[in-house]
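User: I would like to learn how to read a model like this one. Can we go through it feature by feature?

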Amino acid sequence: MSRRFLFVLGSARLDGNTELLAREAAAQLPGDVEQRWIRLAEHPLPDFVDVRHDSDHVRPPADTETGLLLDATLAATDIVIASPLYWYSVSGLTKRYLDYWSGWLRTPGIDFGAAMAGRTLWGVAALADLEPSVAEPLVGTLNNSAAYLKMHFGGVLLGNGSAPGDVRKDTDALTRAKTFFAQEAPLARFPHQDA
């Protein structure tokens, strides 16, 4: 299966630092790797309603925002969550997208869990702090989501930036971006599991 990357942009800001860093990393992918970029702010999802135990799930029509994101997610071999660090985790737009994964797990006819198993989840995030450990909740959210779905996890490419374009000054992050997607992504594991 040829690789198909879905870049899910979770920032409310157009061309923000997270997106700039993600595009720098994506520019290093081989030319035959398909890339699809979806800006969540341009495809707003309705509030997620958890009806796991009291309602039938139906597959959302492809012409809805939910259907578009579902189809794009299922078509990807590699999903890149590009979310700035907002209050030490993923953005609200990103969290809503991930919440929808819960509903898709119970949607008849798509077997979302089996479809996601073996695929790879990556993260890219800009943060306004020089200490990368403050991003641990964001990293944990993505790692644990990947572990739950038996996906591989390539880690999170972190860069520093607050004002527009600041991440371009983070030469360490730009260097890491050159090889970020070339690394081997291990099967995700929950922190409590043995290594």
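Analyst: Start with surface. Accessible areas come from the Shrake-Rupley method with a 1.4 Å probe, and for residues only the protein chains shown count as cover. Here the accessible surface of the chain is about 9,900 Å², and carbon and sulfur atoms hold 53% of that. Two cautions on the source. This is a predicted model, where local features need pLDDT of at least 70, side-chain atom pairs count only at pLDDT 80 or more, and totals for chains, interfaces and linings use all residues. Residues are numbered from 1 along each chain as its sequence is written, and side-chain values use heavy atoms, with hydrogens and water left out.

User: What share of the 195 residues is buried?

Analyst: Buried means under 20% relative accessible area, exposed over 50%, and partly exposed in between (1.4 Å probe, protein chains only). In this chain, 47% of the 195 residues are buried.

User: How many helices and strands does the chain have?

Analyst: Helices (H or I, at least four residues) and strands (E, at least two) are DSSP runs, numbered from the N terminus. The chain has six helices and five strands. Along the sequence the pattern reads β-α-β-α-β-α-α-β-α-β-α.

User: Which strands pair with β3?

Analyst: Two strands pair if DSSP finds at least two bridges between them. β3 (residues 78-82) pairs in the parallel sense with β1 (residues 4-9), over five bridges. β3 also pairs in the parallel sense with β4 (residues 120-127), again over five bridges. Leu-9 stands opposite Ala-82 of β3. Asp-78 stands opposite Thr-120 of β4.

User: Which way do the residues of β3 point?

Analyst: Asp-78, Val-80 and Ala-82 point one way, Ile-79 and Ile-81 the other, and all are buried.

User: And helices?

Analyst: An α-helix has 3.6 residues a turn, so residues three or four places apart point the same way. In α2 (residues 65-75), the buried residues include Thr-66, Leu-69, Leu-70 and Thr-73. Contact means heavy atoms within 4.5 Å. The buried residues of α2 pack against β1, β2 (34-39), β3, α3 (92-104) and α4 (112-116).
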